[in-house]
Amino acid sequence: MHRSASLAPAASAALLFTLARPALGQQQPPPAPAVPTLPRIEPYVPQEAEEPPARAGDAMDTRLTWTLGDDDLLHDTGQAQPLSPNLGVGDRKQYRLFYDNLNSRFSGRENLTHLALYKRMPGFIERLDTEASLVLRIDLAALSRNNNNVNQAFYDAGTFIRAFYHIGGGAEGKTGVGVTLWPIDTDRFRLGYLYEISWGGTNASANQSIFPRIIGAAPGAKVQLDADRFSVYAGFKIASLTQVQEVLTPGTSETREIPIAQTNYGFLLGGEADLHPHVHVDLGAGYFQQGRFDWPDVAGDPVYTYGASARIVAHARDEPIPQSVDFVLYRNDPDKPQILFKPETYAPGKTTWAVSLEATNLFQNLKDFESAGATTHQPARAGALQAVVKSGVARASVTGVYRDLPFVLRNQPSFIPFQTIPKTAQTSTADELFFALAADYHLASARLTPGLGVGVQFPAAFRTMSIDAMSAVIARTAVVREQGNVSILPFNASATPIFQARASLKWDVSEILSAVAWAQYVRDNNGTFMERDPSEGTVALRTFVNPDFFGLGTSFQARF
(Lines give C-alpha, C1' and ligand atoms only; values in the text may rest on other atoms or scores of the structure.)
Protein backbone atom coordinates (compact mmCIF):
# COMPACT_ATOMS: atom_id res chain seq x y z
CA MET A 1 0.00 0.00 0.00
CA HIS A 2 2.62 2.50 0.93
CA ARG A 3 4.78 1.53 -2.08
CA SER A 4 1.95 1.87 -4.73
CA ALA A 5 0.84 5.13 -3.15
CA SER A 6 4.32 6.52 -3.48
CA LEU A 7 4.51 5.53 -7.17
CA ALA A 8 1.11 7.03 -8.05
CA PRO A 9 2.36 10.59 -8.61
CA ALA A 10 5.17 9.40 -10.90
CA ALA A 11 2.80 7.29 -13.01
CA SER A 12 0.34 10.13 -13.34
CA ALA A 13 3.08 12.44 -14.52
CA ALA A 14 4.23 9.89 -17.14
CA LEU A 15 0.68 9.50 -18.46
CA LEU A 16 0.16 13.21 -18.81
CA PHE A 17 3.50 13.53 -20.64
CA THR A 18 2.46 10.79 -23.13
CA LEU A 19 -0.92 12.37 -23.85
CA ALA A 20 0.59 15.82 -24.32
CA ARG A 21 3.28 14.62 -26.81
CA PRO A 22 2.02 14.95 -30.44
CA ALA A 23 2.10 11.96 -32.74
CA LEU A 24 4.96 11.59 -35.19
CA GLY A 25 4.32 13.79 -38.25
CA GLN A 26 1.38 15.56 -36.71
CA GLN A 27 1.48 19.37 -37.06
CA GLN A 28 1.85 21.21 -33.79
CA PRO A 29 -0.68 23.89 -32.96
CA PRO A 30 0.55 27.47 -32.98
CA PRO A 31 1.98 28.61 -29.65
CA ALA A 32 -0.29 30.54 -27.37
CA PRO A 33 0.35 34.24 -27.11
CA ALA A 34 2.79 35.20 -24.40
CA VAL A 35 1.26 36.30 -21.18
CA PRO A 36 2.82 39.48 -19.87
CA THR A 37 4.67 39.00 -16.59
CA LEU A 38 5.86 41.40 -13.91
CA PRO A 39 9.56 42.31 -14.03
CA ARG A 40 11.77 40.38 -11.67
CA ILE A 41 12.90 42.26 -8.61
CA GLU A 42 16.60 41.64 -8.03
CA PRO A 43 17.80 41.35 -4.45
CA TYR A 44 19.47 44.52 -3.06
CA VAL A 45 23.26 44.42 -3.10
CA PRO A 46 25.04 47.37 -1.43
CA GLN A 47 27.30 49.24 -3.91
CA GLU A 48 30.65 50.76 -3.07
CA ALA A 49 30.54 54.52 -2.60
CA GLU A 50 31.86 56.56 -5.48
CA GLU A 51 34.91 58.78 -5.09
CA PRO A 52 33.90 62.13 -3.62
CA PRO A 53 34.15 65.14 -5.94
CA ALA A 54 37.23 66.39 -4.04
CA ARG A 55 39.75 64.81 -1.70
CA ALA A 56 39.99 66.26 1.76
CA GLY A 57 41.80 63.08 2.72
CA ASP A 58 44.52 63.24 5.32
CA ALA A 59 46.20 66.32 6.64
CA MET A 60 49.64 66.75 5.11
CA ASP A 61 52.95 68.19 6.21
CA THR A 62 52.12 67.55 9.86
CA ARG A 63 54.77 68.27 12.50
CA LEU A 64 54.20 67.41 16.13
CA THR A 65 57.04 68.20 18.51
CA TRP A 66 57.45 67.80 22.26
CA THR A 67 60.44 69.83 23.44
CA LEU A 68 61.91 69.95 26.95
CA GLY A 69 64.83 72.17 27.79
CA ASP A 70 66.35 75.46 28.92
CA ASP A 71 68.14 77.69 26.42
CA ASP A 72 70.05 79.67 29.06
CA LEU A 73 71.31 78.00 32.21
CA LEU A 74 73.82 80.75 33.04
CA HIS A 75 71.53 83.77 33.51
CA ASP A 76 68.61 84.42 35.79
CA THR A 77 65.33 85.13 34.05
CA GLY A 78 65.16 88.84 33.16
CA GLN A 79 68.90 89.46 32.81
CA ALA A 80 68.99 88.92 29.05
CA GLN A 81 66.68 89.46 26.09
CA PRO A 82 64.71 87.60 24.87
CA LEU A 83 63.58 86.41 28.29
CA SER A 84 64.57 82.85 29.16
CA PRO A 85 62.22 81.07 31.62
CA ASN A 86 63.37 78.11 33.67
CA LEU A 87 63.32 74.53 32.38
CA GLY A 88 60.06 73.95 30.56
CA VAL A 89 58.20 72.25 27.72
CA GLY A 90 57.76 74.10 24.44
CA ASP A 91 59.77 75.65 21.66
CA ARG A 92 61.82 78.80 22.24
CA LYS A 93 63.18 81.27 19.73
CA GLN A 94 66.63 81.01 21.34
CA TYR A 95 66.90 77.33 20.35
CA ARG A 96 67.34 78.45 16.73
CA LEU A 97 70.91 79.42 15.95
CA PHE A 98 71.68 81.81 13.10
CA TYR A 99 72.76 78.99 10.77
CA ASP A 100 69.80 76.68 11.48
CA ASN A 101 67.32 75.83 8.71
CA LEU A 102 68.48 78.56 6.36
CA ASN A 103 66.22 77.17 3.65
CA SER A 104 62.96 77.38 5.60
CA ARG A 105 60.92 79.92 7.56
CA PHE A 106 60.43 77.31 10.30
CA SER A 107 62.84 76.11 12.97
CA GLY A 108 61.79 72.46 12.72
CA ARG A 109 60.27 72.28 16.23
CA GLU A 110 56.76 73.50 15.39
CA ASN A 111 53.40 71.94 16.13
CA LEU A 112 51.38 72.49 12.99
CA THR A 113 49.57 70.76 10.17
CA HIS A 114 48.04 71.56 6.79
CA LEU A 115 44.56 70.64 5.67
CA ALA A 116 44.59 70.28 1.89
CA LEU A 117 41.38 69.90 -0.08
CA TYR A 118 42.87 68.77 -3.39
CA LYS A 119 41.46 67.65 -6.73
CA ARG A 120 43.10 66.87 -10.08
CA MET A 121 41.11 66.12 -13.24
CA PRO A 122 41.81 65.98 -17.00
CA GLY A 123 40.35 68.90 -18.93
CA PHE A 124 37.76 68.71 -21.68
CA ILE A 125 40.50 69.96 -24.00
CA GLU A 126 42.89 67.24 -25.07
CA ARG A 127 46.24 67.30 -23.23
CA LEU A 128 44.94 69.73 -20.61
CA ASP A 129 45.23 68.89 -16.90
CA THR A 130 43.52 70.90 -14.19
CA GLU A 131 44.09 70.88 -10.44
CA ALA A 132 43.22 72.93 -7.40
CA SER A 133 44.20 72.83 -3.75
CA LEU A 134 42.76 74.68 -0.78
CA VAL A 135 45.56 74.69 1.81
CA LEU A 136 44.89 75.79 5.40
CA ARG A 137 47.76 75.87 7.88
CA ILE A 138 46.87 75.25 11.52
CA ASP A 139 49.50 76.40 14.01
CA LEU A 140 48.68 74.51 17.20
CA ALA A 141 51.20 76.46 19.28
CA ALA A 142 49.59 79.77 18.31
CA LEU A 143 46.17 78.31 19.01
CA SER A 144 47.23 77.19 22.50
CA ARG A 145 48.27 80.74 23.51
CA ASN A 146 44.60 81.66 23.94
CA ASN A 147 45.21 85.26 22.87
CA ASN A 148 42.16 85.40 20.57
CA ASN A 149 44.39 86.05 17.57
CA VAL A 150 42.86 83.53 15.20
CA ASN A 151 44.83 84.87 12.22
CA GLN A 152 48.03 83.57 13.78
CA ALA A 153 46.61 80.07 14.22
CA PHE A 154 44.58 79.58 11.01
CA TYR A 155 45.82 81.04 7.73
CA ASP A 156 46.28 80.30 4.07
CA ALA A 157 49.38 78.31 3.13
CA GLY A 158 49.38 78.49 -0.65
CA THR A 159 45.85 77.80 -1.94
CA PHE A 160 46.07 77.58 -5.74
CA ILE A 161 44.26 76.82 -9.00
CA ARG A 162 46.35 75.44 -11.86
CA ALA A 163 45.91 74.40 -15.47
CA PHE A 164 48.70 72.72 -17.43
CA TYR A 165 48.68 72.09 -21.19
CA HIS A 166 51.05 69.32 -22.29
CA ILE A 167 53.03 69.98 -25.44
CA GLY A 168 55.38 67.03 -25.09
CA GLY A 169 55.02 63.47 -26.32
CA GLY A 170 52.39 62.38 -23.80
CA ALA A 171 49.94 63.53 -21.19
CA GLU A 172 52.26 62.37 -18.40
CA GLY A 173 55.17 64.47 -19.62
CA LYS A 174 56.48 67.56 -17.88
CA THR A 175 56.80 69.71 -21.00
CA GLY A 176 54.06 72.27 -21.42
CA VAL A 177 52.57 75.60 -20.40
CA GLY A 178 51.07 76.07 -16.95
CA VAL A 179 48.97 78.83 -15.41
CA THR A 180 48.91 79.03 -11.60
CA LEU A 181 46.45 81.29 -9.80
CA TRP A 182 46.74 82.12 -6.09
CA PRO A 183 43.33 83.46 -5.04
CA ILE A 184 44.37 84.22 -1.44
CA ASP A 185 48.12 84.83 -1.03
CA THR A 186 51.38 84.50 -2.96
CA ASP A 187 53.98 84.18 -0.21
CA ARG A 188 55.23 80.95 -1.83
CA PHE A 189 55.89 82.86 -5.07
CA ARG A 190 59.21 84.59 -4.37
CA LEU A 191 62.50 85.64 -5.90
CA GLY A 192 65.80 84.32 -4.63
CA TYR A 193 66.55 80.69 -3.90
CA LEU A 194 67.92 80.26 -0.37
CA TYR A 195 64.95 81.12 1.85
CA GLU A 196 67.09 83.18 4.24
CA ILE A 197 67.87 85.75 1.52
CA SER A 198 64.73 85.40 -0.62
CA TRP A 199 62.65 88.50 -1.33
CA GLY A 200 59.28 89.44 -2.75
CA GLY A 201 57.31 87.52 -0.11
CA THR A 202 54.08 88.69 1.51
CA ASN A 203 54.29 87.27 5.06
CA ALA A 204 53.77 90.43 7.12
CA SER A 205 53.46 88.55 10.42
CA ALA A 206 57.11 87.47 10.13
CA ASN A 207 58.35 90.86 8.80
CA GLN A 208 58.86 89.29 5.37
CA SER A 209 56.38 91.25 3.25
CA ILE A 210 57.79 93.24 0.34
CA PHE A 211 54.65 95.38 0.69
CA PRO A 212 55.02 97.57 3.83
CA ARG A 213 51.76 98.46 5.60
CA ILE A 214 49.96 95.70 3.71
CA ILE A 215 46.27 95.17 4.45
CA GLY A 216 45.29 91.51 4.28
CA ALA A 217 46.91 89.13 1.81
CA ALA A 218 48.30 89.45 -1.72
CA PRO A 219 46.79 87.25 -4.44
CA GLY A 220 48.46 86.79 -7.80
CA ALA A 221 49.18 84.58 -10.79
CA LYS A 222 52.02 83.00 -12.78
CA VAL A 223 52.44 81.66 -16.31
CA GLN A 224 55.28 79.18 -16.86
CA LEU A 225 56.71 77.32 -19.84
CA ASP A 226 58.45 74.05 -18.96
CA ALA A 227 60.77 72.41 -21.48
CA ASP A 228 63.10 69.44 -21.16
CA ARG A 229 66.11 71.41 -19.96
CA PHE A 230 64.79 74.88 -19.16
CA SER A 231 61.75 76.81 -17.95
CA VAL A 232 60.68 80.46 -17.95
CA TYR A 233 57.94 82.22 -16.04
CA ALA A 234 56.24 85.59 -15.54
CA GLY A 235 53.76 86.59 -12.85
CA PHE A 236 52.33 89.32 -10.72
CA LYS A 237 51.03 90.10 -7.21
CA ILE A 238 48.41 92.55 -6.04
CA ALA A 239 48.31 94.06 -2.54
CA SER A 240 46.35 96.77 -0.77
CA LEU A 241 48.57 99.20 1.14
CA THR A 242 47.70 102.04 3.49
CA GLN A 243 48.74 105.28 1.86
CA VAL A 244 47.73 108.93 1.98
CA GLN A 245 45.58 110.10 -0.90
CA GLU A 246 44.24 113.55 -1.81
CA VAL A 247 40.45 113.60 -2.21
CA LEU A 248 37.86 116.30 -2.75
CA THR A 249 35.88 117.40 0.28
CA PRO A 250 32.21 116.68 -0.48
CA GLY A 251 30.31 119.82 -1.51
CA THR A 252 33.45 121.97 -1.89
CA SER A 253 36.38 122.42 -4.24
CA GLU A 254 38.91 121.90 -1.46
CA THR A 255 41.06 118.80 -1.12
CA ARG A 256 42.13 116.91 1.94
CA GLU A 257 44.46 114.01 2.62
CA ILE A 258 43.10 110.78 4.04
CA PRO A 259 44.65 107.31 4.46
CA ILE A 260 43.09 104.77 2.12
CA ALA A 261 43.73 101.18 1.05
CA GLN A 262 45.25 101.60 -2.40
CA THR A 263 46.10 98.83 -4.86
CA ASN A 264 49.80 98.24 -5.49
CA TYR A 265 51.41 95.76 -7.88
CA GLY A 266 54.42 93.51 -8.03
CA PHE A 267 55.80 91.89 -11.18
CA LEU A 268 58.13 88.87 -11.30
CA LEU A 269 59.85 87.01 -14.12
CA GLY A 270 62.65 84.50 -14.40
CA GLY A 271 63.79 81.12 -15.54
CA GLU A 272 66.12 78.20 -15.02
CA ALA A 273 68.19 75.92 -17.23
CA ASP A 274 70.36 72.82 -17.06
CA LEU A 275 73.49 73.85 -18.95
CA HIS A 276 75.20 70.51 -18.30
CA PRO A 277 74.37 67.30 -16.42
CA HIS A 278 76.36 68.82 -13.55
CA VAL A 279 75.47 72.54 -13.93
CA HIS A 280 72.18 74.32 -13.26
CA VAL A 281 71.49 78.08 -13.38
CA ASP A 282 68.59 80.26 -12.16
CA LEU A 283 67.74 83.89 -12.85
CA GLY A 284 64.86 86.04 -11.58
CA ALA A 285 63.91 89.72 -11.47
CA GLY A 286 61.09 91.76 -10.00
CA TYR A 287 59.56 95.19 -9.51
CA PHE A 288 57.29 96.02 -6.56
CA GLN A 289 55.26 99.13 -5.78
CA GLN A 290 55.34 99.99 -2.07
CA GLY A 291 52.90 102.84 -1.67
CA ARG A 292 53.72 106.54 -1.46
CA PHE A 293 55.73 108.73 0.88
CA ASP A 294 54.20 110.47 3.90
CA TRP A 295 57.20 112.78 4.43
CA PRO A 296 56.02 116.38 3.74
CA ASP A 297 58.80 117.27 1.28
CA VAL A 298 58.25 114.17 -0.87
CA ALA A 299 54.60 113.45 -0.08
CA GLY A 300 52.88 111.54 -2.86
CA ASP A 301 56.06 110.35 -4.55
CA PRO A 302 56.14 106.58 -5.20
CA VAL A 303 58.07 104.07 -3.11
CA TYR A 304 59.26 100.98 -4.98
CA THR A 305 61.84 98.21 -5.05
CA TYR A 306 63.32 96.43 -8.02
CA GLY A 307 66.19 94.03 -8.49
CA ALA A 308 67.39 90.62 -9.60
CA SER A 309 68.67 87.34 -8.19
CA ALA A 310 70.87 84.71 -9.81
CA ARG A 311 72.18 81.29 -8.80
CA ILE A 312 74.51 78.71 -10.26
CA VAL A 313 74.60 75.15 -8.91
CA ALA A 314 77.21 72.49 -9.60
CA HIS A 315 75.98 69.08 -8.48
CA ALA A 316 76.40 65.35 -8.82
CA ARG A 317 74.65 63.76 -11.79
CA ASP A 318 70.91 63.03 -11.30
CA GLU A 319 70.83 64.81 -7.95
CA PRO A 320 67.83 67.14 -7.32
CA ILE A 321 68.39 70.89 -7.23
CA PRO A 322 68.00 72.31 -3.69
CA GLN A 323 64.63 74.01 -3.17
CA SER A 324 62.90 75.30 -0.06
CA VAL A 325 59.81 73.36 0.98
CA ASP A 326 58.21 76.76 1.59
CA PHE A 327 58.25 77.46 -2.17
CA VAL A 328 56.52 74.18 -3.16
CA LEU A 329 52.84 73.89 -4.09
CA TYR A 330 51.04 71.54 -1.69
CA ARG A 331 49.32 68.66 -3.50
CA ASN A 332 47.39 66.05 -1.53
CA ASP A 333 47.20 63.66 -4.50
CA PRO A 334 46.46 60.01 -3.55
CA ASP A 335 47.94 58.77 -6.84
CA LYS A 336 51.19 60.71 -6.41
CA PRO A 337 51.80 61.26 -2.68
CA GLN A 338 53.91 64.31 -1.93
CA ILE A 339 56.57 63.27 0.58
CA LEU A 340 57.89 66.50 2.09
CA PHE A 341 59.89 64.96 4.91
CA LYS A 342 61.36 61.79 3.49
CA PRO A 343 63.71 60.13 5.99
CA GLU A 344 67.36 60.51 5.11
CA THR A 345 68.76 57.51 3.28
CA TYR A 346 72.36 56.39 3.30
CA ALA A 347 74.09 54.31 0.63
CA PRO A 348 77.53 53.01 1.61
CA GLY A 349 80.05 53.66 -1.11
CA LYS A 350 77.97 56.36 -2.84
CA THR A 351 79.06 60.00 -2.85
CA THR A 352 76.87 62.96 -3.78
CA TRP A 353 77.71 66.62 -3.69
CA ALA A 354 76.42 70.10 -4.57
CA VAL A 355 77.92 73.60 -4.57
CA SER A 356 75.74 76.68 -5.08
CA LEU A 357 76.55 80.37 -5.41
CA GLU A 358 73.71 82.91 -5.18
CA ALA A 359 73.60 86.70 -5.39
CA THR A 360 70.85 89.33 -5.13
CA ASN A 361 71.03 93.05 -5.92
CA LEU A 362 68.08 95.33 -5.10
CA PHE A 363 67.43 99.04 -5.51
CA GLN A 364 64.88 100.86 -3.36
CA ASN A 365 63.50 104.32 -4.11
CA LEU A 366 63.65 106.15 -0.77
CA LYS A 367 63.71 109.71 0.53
CA ASP A 368 67.23 111.08 0.26
CA PHE A 369 68.47 111.77 3.78
CA GLU A 370 71.09 114.19 2.43
CA SER A 371 68.80 116.28 0.18
CA ALA A 372 65.44 117.78 1.10
CA GLY A 373 62.61 117.16 -1.33
CA ALA A 374 64.49 114.47 -3.25
CA THR A 375 64.42 110.71 -3.55
CA THR A 376 67.19 108.36 -4.57
CA HIS A 377 67.86 104.67 -5.14
CA GLN A 378 69.51 102.83 -2.25
CA PRO A 379 71.16 99.51 -3.15
CA ALA A 380 70.65 96.40 -1.02
CA ARG A 381 72.79 93.32 -1.63
CA ALA A 382 73.01 89.73 -0.41
CA GLY A 383 74.81 86.54 -1.37
CA ALA A 384 75.26 82.95 -0.26
CA LEU A 385 77.78 80.18 -0.90
CA GLN A 386 76.92 76.62 0.09
CA ALA A 387 78.74 73.31 -0.33
CA VAL A 388 77.29 69.96 0.72
CA VAL A 389 78.86 66.52 0.42
CA LYS A 390 77.46 63.16 1.45
CA SER A 391 79.59 60.04 1.29
CA GLY A 392 78.18 56.79 2.58
CA VAL A 393 76.91 57.51 6.10
CA ALA A 394 78.73 60.82 6.60
CA ARG A 395 77.57 64.31 5.67
CA ALA A 396 79.22 67.72 5.84
CA SER A 397 78.27 71.23 4.76
CA VAL A 398 79.90 74.64 4.61
CA THR A 399 77.80 77.82 4.36
CA GLY A 400 78.64 81.47 3.99
CA VAL A 401 75.98 84.22 3.87
CA TYR A 402 76.43 87.95 3.27
CA ARG A 403 73.76 90.66 3.77
CA ASP A 404 74.41 94.38 3.86
CA LEU A 405 72.44 96.52 6.30
CA PRO A 406 69.87 97.76 3.72
CA PHE A 407 69.13 94.16 2.72
CA VAL A 408 68.63 93.09 6.33
CA LEU A 409 66.04 95.89 6.56
CA ARG A 410 64.71 95.57 2.99
CA ASN A 411 61.10 95.09 4.06
CA GLN A 412 61.01 98.02 6.52
CA PRO A 413 62.60 99.54 4.38
CA SER A 414 65.98 100.98 5.51
CA PHE A 415 67.26 101.86 9.01
CA ILE A 416 65.11 104.98 9.21
CA PRO A 417 61.93 103.74 7.51
CA PHE A 418 61.56 105.06 3.94
CA GLN A 419 64.79 107.10 4.16
CA THR A 420 68.26 106.31 2.91
CA ILE A 421 70.97 105.52 5.43
CA PRO A 422 72.95 108.69 6.23
CA LYS A 423 76.34 108.89 4.52
CA THR A 424 78.02 111.56 6.60
CA ALA A 425 81.40 111.55 8.31
CA GLN A 426 79.62 110.96 11.62
CA THR A 427 77.91 107.72 10.56
CA SER A 428 79.04 104.34 9.33
CA THR A 429 77.55 100.91 8.76
CA ALA A 430 78.73 97.33 9.02
CA ASP A 431 77.38 94.48 6.90
CA GLU A 432 76.39 91.03 8.14
CA LEU A 433 78.60 88.08 7.29
CA PHE A 434 78.61 84.59 8.75
CA PHE A 435 80.21 81.22 8.14
CA ALA A 436 79.01 77.87 9.42
CA LEU A 437 80.26 74.29 9.31
CA ALA A 438 78.09 71.26 10.08
CA ALA A 439 78.73 67.50 9.96
CA ASP A 440 77.03 64.31 11.10
CA TYR A 441 77.61 60.55 10.96
CA HIS A 442 74.89 57.89 10.79
CA LEU A 443 75.24 54.69 12.83
CA ALA A 444 72.90 52.39 10.93
CA SER A 445 72.84 49.51 13.41
CA ALA A 446 71.73 51.77 16.29
CA ARG A 447 69.82 54.27 14.11
CA LEU A 448 71.75 57.07 15.79
CA THR A 449 73.15 60.18 14.10
CA PRO A 450 75.55 62.33 16.14
CA GLY A 451 76.14 65.80 14.72
CA LEU A 452 78.15 68.95 15.32
CA GLY A 453 77.66 72.48 14.01
CA VAL A 454 79.69 75.65 14.58
CA GLY A 455 79.43 79.15 13.18
CA VAL A 456 80.70 82.68 13.55
CA GLN A 457 78.69 85.78 12.66
CA PHE A 458 79.76 89.38 12.16
CA PRO A 459 76.46 91.23 12.72
CA ALA A 460 75.17 94.20 10.77
CA ALA A 461 75.43 97.49 12.64
CA PHE A 462 74.78 101.22 12.38
CA ARG A 463 77.22 103.59 14.15
CA THR A 464 76.94 107.31 14.88
CA MET A 465 79.48 109.71 16.39
CA SER A 466 79.14 113.10 18.06
CA ILE A 467 81.17 115.47 20.22
CA ASP A 468 80.10 116.41 23.73
CA ALA A 469 80.57 119.70 25.57
CA MET A 470 84.09 118.63 26.57
CA SER A 471 85.05 118.02 22.92
CA ALA A 472 85.17 114.31 23.57
CA VAL A 473 84.05 111.95 20.82
CA ILE A 474 81.01 109.87 21.72
CA ALA A 475 80.14 106.89 19.55
CA ARG A 476 76.95 104.86 19.69
CA THR A 477 76.46 101.54 17.88
CA ALA A 478 73.21 99.72 17.16
CA VAL A 479 73.52 96.03 16.27
CA VAL A 480 70.79 95.00 13.81
CA ARG A 481 70.09 91.27 13.91
CA GLU A 482 66.90 91.52 11.87
CA GLN A 483 64.00 93.88 11.33
CA GLY A 484 62.65 94.76 14.78
CA ASN A 485 65.56 93.16 16.66
CA VAL A 486 68.10 95.90 17.47
CA SER A 487 70.61 96.00 20.33
CA ILE A 488 71.98 99.41 21.34
CA LEU A 489 75.50 99.14 22.78
CA PRO A 490 77.06 101.30 25.53
CA PHE A 491 78.90 104.47 24.57
CA ASN A 492 82.04 103.96 22.46
CA ALA A 493 81.51 100.18 22.23
CA SER A 494 81.68 98.40 18.90
CA ALA A 495 79.91 95.29 17.64
CA THR A 496 81.78 92.04 18.19
CA PRO A 497 81.58 88.67 16.40
CA ILE A 498 79.06 86.10 17.64
CA PHE A 499 80.09 82.48 18.08
CA GLN A 500 77.56 79.62 18.21
CA ALA A 501 77.96 75.84 18.44
CA ARG A 502 75.73 72.83 18.97
CA ALA A 503 76.32 69.11 19.53
CA SER A 504 73.34 66.83 18.91
CA LEU A 505 72.35 63.18 18.90
CA LYS A 506 69.39 62.01 16.83
CA TRP A 507 67.66 58.67 17.24
CA ASP A 508 65.31 57.47 14.50
CA VAL A 509 62.53 55.62 16.31
CA SER A 510 60.49 54.95 13.16
CA GLU A 511 59.94 56.42 9.72
CA ILE A 512 57.83 59.19 11.24
CA LEU A 513 59.19 59.56 14.78
CA SER A 514 62.61 60.73 15.91
CA ALA A 515 64.18 61.94 19.15
CA VAL A 516 66.93 64.56 19.40
CA ALA A 517 69.04 65.67 22.36
CA TRP A 518 71.37 68.64 22.10
CA ALA A 519 73.66 71.01 23.94
CA GLN A 520 74.35 74.49 22.58
CA TYR A 521 76.73 77.29 23.43
CA VAL A 522 76.51 80.93 22.33
CA ARG A 523 78.98 83.72 22.98
CA ASP A 524 77.37 87.06 22.11
CA ASN A 525 78.88 90.21 23.58
CA ASN A 526 76.33 92.45 21.84
CA GLY A 527 73.54 92.05 24.40
CA THR A 528 72.82 94.85 26.87
CA PHE A 529 70.44 95.85 29.65
CA MET A 530 69.66 99.06 31.53
CA GLU A 531 70.78 99.62 35.14
CA ARG A 532 71.09 102.61 37.42
CA ASP A 533 74.43 104.33 37.82
CA PRO A 534 75.71 103.05 41.19
CA SER A 535 77.63 106.28 41.81
CA GLU A 536 74.75 108.65 41.03
CA GLY A 537 71.62 106.60 41.70
CA THR A 538 69.16 108.16 39.22
CA VAL A 539 70.85 107.92 35.83
CA ALA A 540 70.23 104.76 33.80
CA LEU A 541 73.27 103.27 32.13
CA ARG A 542 73.38 100.67 29.36
CA THR A 543 75.55 97.74 30.44
CA PHE A 544 76.69 94.55 28.74
CA VAL A 545 75.12 91.25 29.70
CA ASN A 546 77.36 88.26 30.46
CA PRO A 547 78.11 87.12 26.87
CA ASP A 548 78.08 83.37 27.54
CA PHE A 549 74.87 81.36 27.04
CA PHE A 550 74.61 77.60 27.51
CA GLY A 551 71.49 75.51 26.95
CA LEU A 552 70.30 71.92 26.92
CA GLY A 553 67.25 70.39 25.29
CA THR A 554 65.58 67.28 23.99
CA SER A 555 62.65 66.82 21.65
CA PHE A 556 60.47 64.09 20.19
CA GLN A 557 59.08 64.86 16.77
CA ALA A 558 56.63 63.12 14.46
CA ARG A 559 56.47 64.20 10.81
CA PHE A 560 54.05 62.82 8.29
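Colleague: Asn-492: buried, exposed or partly exposed?

Modeller: Partly exposed. Its relative accessibility is 47%, and exposed would need over 50%. Bear in mind that this is a predicted model.

Colleague: What about phi of Arg-447?

Modeller: Positive too, near 55 degrees, again in a residue other than glycine. Arg-447 sits in the loop between strand E20 (432-441) and strand E21 (448-458).

Colleague: Why does Arg-447 count as exposed?

Modeller: Because its relative accessible area is 51%, and the cut-off for exposed is over 50%.

Colleague: Backbone again. Which peptide bond is cis?

Modeller: The one from Gln-412 to Pro-413 is cis. Omega there is near -20 degrees. Pro-413 belongs to the loop between helix H3 (405-408) and strand E19 (427-430).

Colleague: Zoom out for me. How many helices and strands in the chain?

Modeller: Three helices and 29 strands. The chain has 560 residues, and 38% of them are buried.

Colleague: What share of the contacts is between residues 24 or more positions apart?

Modeller: 62%, taken over contacts with a separation of 6 or more.

Colleague: And the accessible surface of the chain, what does it come to?

Modeller: About 31,500 Å². Carbon and sulfur atoms hold 61% of that.

Colleague: Switching to electrostatics. How many salt bridges in the whole structure?

Modeller: The search finds 19. One of them joins the side chains of Arg-92 and Asp-70, at 3.4 Å from N to O. That pair links distant parts of the chain, 22 residues apart. Arg-92 is in the loop between strand E2 (88-89) and strand E3 (112-122), while Asp-70 is in strand E1 (residues 60-70).

Colleague: Are Arg-92 and Asp-70 buried or exposed?

Modeller: Both are buried.

Colleague: What does Lys-367 form a salt bridge with?

Modeller: Asp-297, with the closest N and O atoms 2.6 Å apart. This pair spans 70 residues. Lys-367 is in strand E16 (residues 347-367). Asp-297 is in the loop between strand E14 (279-292) and strand E15 (302-315).

Colleague: Why is Lys-367 called buried?

Modeller: Because its relative accessibility is 9%, and buried means under 20%. Asp-297 comes out at 35%, so it is partly exposed.

Colleague: Which residues are linked in a network of salt bridges?

Modeller: Asp-61, Arg-63 and Glu-110.

Colleague: Now cavities. How many of 30 Å³ or more?

Modeller: One, from a search of the whole structure. The space in the largest cavity is about 30 Å³.

Colleague: Which residues line the largest cavity?

Modeller: Arg-190, Ser-198, Trp-199, Gly-200, Gly-201, Gln-208, Ile-210, Arg-410 and Asn-411. By class, that lining has two nonpolar, five polar and two charged residues.

Colleague: Follow-up on Arg-190. Which residue forms a salt bridge with it?

Modeller: Asp-187, at 2.9 Å between the closest N and O atoms. Asp-187 and Arg-190 are both buried.

Colleague: Different spot. What does Ser-133 contact?

Modeller: Setting aside neighbours within four places in sequence, Ala-116, Leu-117, Tyr-118, Thr-159, Phe-160 and Tyr-330. Ser-133 lies in strand E4 (residues 128-139). Its relative accessibility is 2%, so Ser-133 counts as buried.

Colleague: Last one, Phe-154. Where is its place?

Modeller: In strand E5 (residues 154-156). Phe-154 has a relative accessible area of 33%, so it is partly exposed.

Colleague: And what does Phe-154 touch?

Modeller: Leu-136, Arg-137, Ile-138 and Leu-143, leaving out residues up to four places away in sequence.

Key: Residues are numbered from 1 along each chain as its sequence is written. This is a predicted model: local features need pLDDT of at least 70, side-chain atom pairs count only at pLDDT 80 or more; totals for chains, interfaces and linings use all residues. Side-chain values use heavy atoms; hydrogens and water are left out. On a 1 Å grid over the protein atoms alone, a cavity is a set of points where a 1.4 Å probe fits but cannot get out, and a pocket is an open set with protein on both sides within 12 Å along at least five of seven lines; lining residues have an atom within 4 Å of a point. Grid points are joined across faces, edges and corners, and a volume is the space filled by probe spheres set on the points. Ala, Val, Leu, Ile, Met, Phe, Trp, Tyr, Cys and Pro count as nonpolar, Asp, Glu, Lys and Arg as charged, and the others, Gly among them, as polar. Helices (H or I, at least four residues) and strands (E, at least two) are DSSP runs, numbered from the N terminus. Buried means under 20% relative accessible area, exposed over 50%, partly exposed in between (1.4 Å probe, protein chains only). Contact means heavy atoms within 4.5 Å. Accessible areas come from the Shrake-Rupley method with a 1.4 Å probe; for residues, only the protein chains shown count as cover. A salt bridge is a side-chain nitrogen of Lys or Arg within 4 Å of a carboxyl oxygen of Asp or Glu.
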